[in-house]
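Me: I would like to go through this structure with a few questions. Please show it first.

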Amino acid sequence: MGRHTNTGAGAMLRSGRAAAKHVGHMADAAYDIPMPPARTGVARGTVAVEAIGLTKDYGRGETAVHALRGVDVCFERGRFTAIMGPSGSGKSTLMHTLAGLDSATGGHILLDGSDITTMNDRELTLLRRRRIGFIFQNFNLLPMFTAEQNILMPLTLAGARPDRSWLRTLVRTLGLEQRMNHRPNELSGGQQQRVAIARALIAKPAVVFADEPTGNLDSVSSTEVLEFLKRSVRELGQTIIMVTHDAVAASYADRAIVFADGRIVADEPHPTAERMNALLMEERRNTAAHARPGR
Amino acid sequence: MFSITIRMMKRSARMLVPAGIAIVIGTAFIAATLLFGNAMNDTLKRMTTAQYGDANYSIGFDTSIADADDADMDYLYSRTVSDFHPERLRAVEGVKGLRFEARAEAVATNGDSHANVFAVTTASERGLLPVTVTQGAQPSGDGQAALQDSTAKQLGVRVGDDITLASKGASHDMRARVVGLTRDDAGAYPYYGGASLLSDDLMAAMNGVSDFGRVNATTAYLDIDGDPAAVKTTVDTINRILPKRFTAQSRDKAAKAAVKSLSGGDTDIVTTFLLGFGALAMLVAALVIANTFQVLVAQRRRTLALLRTIGAGKGQLYASVLFEAGLLGLVASVLGVGLGLALMAAVTASGLTSSIGMAMRLVLDWRVFVVPIAFGVVMTVIASLSSARTATSVTPLEALRPMELSETRRTGVVRGALSALMLAGGLAMCAYAAWQMSRNTAGQASMVDDHYSTVLVMAVGGCALVFLGLIVSAVYWLPRALHGAGAFASLAGPSARIAHANIQKNPRRVAATGAALLIGVTLVSTIATGAASGKATMGEALASRYSVDMIASGDDMTDARASKAAKVKGVTASIYAPTATMNVKDTHGTTITTLVVGVDGADTLRKVMHADLGDTAIGNGTILMPHRSAFGGKDFVFRNGRVELTPASVSPASGDTATSDDARDGKGALTLDVRQADYRRVSADYAAVAFVNIRHFTDGDLKTDGHMMLMRIDADKAGTTLNDVFTGVQSAFADSAGITVTGPIAERAQWETMIDAMMAMLVGLIAVAVLIALVGVANTLSLSVIERTRESATLRAIGMTRGQLRRSLAIEALLLALVSGLAGVALGTGFGWLGSYMVFSLYGTVVFPFDWAVNGATLGIAALAALLASVAPARRAVKTPPVEALAEA
């Protein structure tokens with residue numbers, strides 16, 4: 001792996017420079033991985049997921065869609081990060097590729113220390129089983145299993161014995177004790193999403209990816225779910241990366257990244273709903289301004 | 001609307017393929033059956049007119065043999081050639097040729113070679129000959145014969161050689177010159193493989209009459225010339241000359257009548273029987289089609305809802321589904337007819353049928369095309385009716401908000417009540433029939449005595465009701481059985497757990513698929529069990545009635561031949577013994593025709609006999625007699641323990657035994673001490689078979705009439721089958737005409753061959769339905785996979801490997817196939833046992849075997865096919881990238 005002279009892994013560690021904002025740039029050629037010029041004073045060991053020069057294109061030639069344009073981003077352990085952006089900005093694609101659900105066209109992704117862009121399907125599957133948790137917008141629970149069976153599904157697939165005390169903790173934290181023997185169609189939306197959260201956390205993953213977790217919920221359930229997510233970060237030490245278009249949801253996070261047109265355009269620590277709305281409006285105005293003279 | 005339908009069809013083409021395949025198989029079967037019926041009819045027609053040669057008219061009796069009574073038969077078989085006034089017939093204007101059909105069986109000799117000859121009359125016109133002359137010419141003058149080429153080869157003669165002919169009826173041997181060789185190209189005499197031609201004087205001699213005019217004839221062939229009016233005049237003239245009850249008929253009319261009488265009334269019966277299986281196959285296909293369309297409509301709900309939103313009416317959606325079904329049925333049926341045609345064409349072209357004596361031709365008529373296509377289309381449309389109705393229930397609202405479909409439709413109460421009724425009624429009928437049968441076997445009064453057929457129909461009907469009831473109620477018990485089996489299988493790992501859960505998702509579909517397989521497997525198992533029971537029961541019955549496994553006897557039985565037979569694999573012991581037919585009088589005064597067999601002591605006899613002979617030694621002066629007569633079972637009692645043997649002679653003409661001339665003169669009588677032992681029949685031709693010491697034959701007390709070979713057979717120990725032993729022994733005696741191999745093993749072997757052949761045929765026919773059912777399993781799996789795309793993607797996202805997903809589908813298929821298969825085997829064995837009990841109880845104690853071979857093979861095939869069926873859907877399932885789990889519906 002080639003390195004730029006002024007940046008290197010060791011140099012980074014030693015530099016200890018804090019960086020408030022980070023702006024991505026176009027990825028370079030194949031072997032040289034340009035390291036980000038500045039990184040939060042983060043020791044290697046505390047990085048949960050890192051994308052280096054991540055590129056994703058759909059299609060070819062003239063009709064090619066550049067969903068991700070050389071994204072460099074780093075996510076710390078034990079933090080709740082929100083990724084926001086307008087539709088079509090590529091935020092979902094970013095999450096899919098970070099989670100190993102979709103392949104990248106270029107660049108590298110380091111998850112919990114391993115480069116997942118070089119993994120085959122079986123390795124990725126095992127990764128998803130043990131070290132990644134998912135929460136989907138439409139819950140995606142398995143309808144023919146009870147809540148308890150759904151929660152334990154990743155362990156069942158691994159053929160591993162469940163940690164009963166951890167299960168009890170999760171269930172208690174998420175308030176699901178009365179619901180363990182019910183099927184998904186007997187649970188409300190909020191309850192289903194909480195079951196999904198428990199499923200995501202049962203294997204004690206390195207990272208949890210949540211795609212619009214409150215998208216199909218009413219405001220009360222949304223608040224519940226977001227509270228749980230925050231608590232699981234605070235009390236259980238999880239790392240959560242959440243994609244959302246709701247500024248209020250983003251305000252629960254420790255850090256919010258604004259994504260637009262395949263790039264990161266803003267990186268806000270301790271976001272508030274107003275600040276995020278403002279950022280989004282600003283982004284929209286920029287886009288509209290660029291769109292006017294016949295592009 | 002139709003263009004939209006066709007477009008939708010194109011998109012779901014993949015889903016329609018298995019249903020299409022099911023229809024293709026079913027219609028191909030029906031088309032092939034109809035073609036087979038046509039070919040059989042055609043072949044029979046050709047066979048019956050093969051004897052015509054080129055004749056266009058025949059003279060025949062006015063009643064067919066099937067309808068003739070004894071008086072008719074007497075009249076018919078006492079007609080001779082001269083009754084027909086052949087000279088006057090030949091003189092009629094328009095008659096170009098005349099040939100009487102008379103037959104003779106004779107033995108031809110050339111030096112040391114002998115051969116059996118089957119001969120028919122010759123004709124002066126070559127065109128009237130029923131066989132083809134391949135060399136030389138047909139007999140014209142006296143003392144001439146044209147031999148069948150196989151006979152000539154056997155004798156080692158060529159055209160120009162002389163042979164001697166002898167027959168049972170001939171007063172003395174006749175010399176004949178071979179003037180030609182014949183071959184049966186038209187298949188006129190398939191039983192004999194052909195016929196030789198004899199000149200008229202030889203024909204008369206072989207039939208034991210002084211001249212040709214006295215030969216018995218019942219048919220004659222005419223070659224009549226002229227325009228239709230002239231022909232009519234000729235025929236009228238002929239009819240006036242013919243004796244009473246005989247008329248001249250055209251070839252066509254006579255052929256039709258002959259075919260009807262030959263086939264016992266109707267070849268259509270065979271065709272109808274086969275079509276029954278075709279209907280069964282189509283029924284199973286209908287289940288597959290119904291399943292497919294249900295899922296098709298469910299998948300298309302969004303599109304259908306959109307169509308409703310923009311203005312399509314309910315009736316249009318209904319018609320659209322029916323149209324799609326009709327189109328699918330039409331296309332698949334046409335393909336099926338093509339496949340059936342190709343199959344039959346291949347069979348007839350390959351000459352397979354000519355090897356069994358009937359060369360079949362491909363005969364097409366409109367039924368072959370119209371019937372399968374009509375059946376296929378109608379069946380498909382009917383099967384799609386319920387889905388069409390579901391399509392009309394789609395509301396426009398669903399276009400805006402897709403509804404998660406859940407299986408909330410409760411299975412009707414009507415269905416439950418109906419099936420319970422059928423089950424109860426069927427079981428009651430079966431129980432009653434079995435009870436009546438048991439009373440009968442116990443010797444008590446029962447319905448069986450006078451109304452056996454009613455009881456039998458009751459049993460069959462009861463079984464049918466039970467079966468039908470179980471099929472109709474399959475939606476209740478089959479999913480539960482699968483649940484149980486699945487719970488058991490879940491122990492095997494996560495893939496099995498997923499499979500177990502998936503199977504319970506759609507009980508109706510799973511029940512329909514399982515029922516389709518159940519039908520086929522039950523039928524196969526029933527037939528196999530019935531056949532096995534029949535064979536075993538027959539074997540036991542025969543074994544209990546006979547004490548010696550196999551005997552071979554005949555005029556030309558020699559030691560050399562016997563030792564050849566003794567070497568056959570499976571013959572564990574044998575005795576070659578001299579025999580004499582004697583009359584024995586018992587205390588009651590009855591004369592018992594006894595076959596006396598000379599053996600070298602009782603120990604030799606014990607080698608081949610399955611009986612307890614006590615401590616008899618069969619020394620000099622002793623005769624061993626059975627306790628009971630083989631005919632009727634009457635006990636034999638002998639005065640003072642001594643018995644007198646007088647020679648009996650077998651009259652050649654009538655086969656009756658009578659006191660021979662020697663006996664009347666008091667010569668050849670022998671008095672011996674009698675010992676009796678409990679042994680059963682040795683030969684079925686004599687009331688008793690007795691054993692004496694062989695010294696009586698060697699010393700001349702008894703005159704040796706012939707020889708007999710007694711054998712003990714153990715096929716299992718030798719690692720061969722009964723049939724092989726039987727044919728082996730038979731072929732050891734192949735070069736002699738007079739030796740017959742009989743005995744329980746021989747009978748058993750013949751029975752078993754016949755039963756096996758019938759079973760193979762029936763199972764082959766049912767296999768078509770089983771095949772379609774397995775296509776149904778594949779279909780259900782692929783439909784399930786399509787429905788579960790989202791869930792499969794979710795599972796993949798949370799860590800299920802591709803291998804695990806494939807395994808879970810395989811387990812699903814296996815569970816479905818094995819549970820249905822096991823249920824079918826259990827049902828079939830039960831039905832088979834009941835049926836055997838009802839039918840075979842009359843012949844002996846019924847054996848209730850479990851046919852491991854066929855049942856195991858059926859289950860094995862079902863399991864293998866299920867695994868294969870899961871390959872394609874599994875591949876489709878793993879192709880779905882997990883990203884789709886996150887996609888909006």
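This is a predicted model: local features need pLDDT of at least 70, side-chain atom pairs count only at pLDDT 80 or more; totals for chains, interfaces and linings use all residues.

Me: Which residue of strand 19 of chain B stands opposite L624(B)?

Reply: Across from L624(B), the residue in strand 19 is F691(B).

Me: In which sense do strand 14 and strand 19 of chain B pair, parallel or antiparallel?

Reply: Strand 14 covers residues 591-599 of chain B, and 6 bridges link it with strand 19 of chain B. V596(B) stands opposite A690(B) of strand 19. The sense of this pairing is parallel.

Me: How many of the residues of strand 19 of chain B are buried?

Reply: Strand 19 spans residues 688-693 of chain B, and a residue counts as buried under 20% relative accessible area. The strand is largely enclosed by the rest of the structure because its buried residues number 6 of 6.

Me: Is V370(B) buried, partly exposed or exposed?

Reply: V370(B) lies in helix 12 (residues 366-383) of chain B. With L362(B), L364(B), W366(B) and F369(B), V370(B) makes a nonpolar surface patch of about 490 Å². Buried means under 20% and exposed means over 50%. V370(B) has 44% relative accessibility, so it counts as partly exposed.

Me: What percentage of the residues of chain A count as buried?

Reply: Chain A has 9 helices and 10 strands. Out of its 295 residues, the share that counts as buried is 53%.

Terms used: Residues are numbered from 1 along each chain as its sequence is written. Chains are lettered from A and ligands numbered from 1 in the order in which they are written. Side-chain values use heavy atoms; hydrogens and water are left out. Helices (H or I, at least four residues) and strands (E, at least two) are DSSP runs, numbered from the N terminus. Buried means under 20% relative accessible area, exposed over 50%, partly exposed in between (1.4 Å probe, protein chains only). Two strands pair if DSSP finds at least two bridges between them. Patches are made of residues with over 30% relative accessible area and no salt bridge: like charges are joined within 9 Å, nonpolar side chains (Val, Leu, Ile, Met, Phe, Trp, Tyr) within 5 Å. Accessible areas come from the Shrake-Rupley method with a 1.4 Å probe; for residues, only the protein chains shown count as cover. A salt bridge is a side-chain nitrogen of Lys or Arg within 4 Å of a carboxyl oxygen of Asp or Glu.
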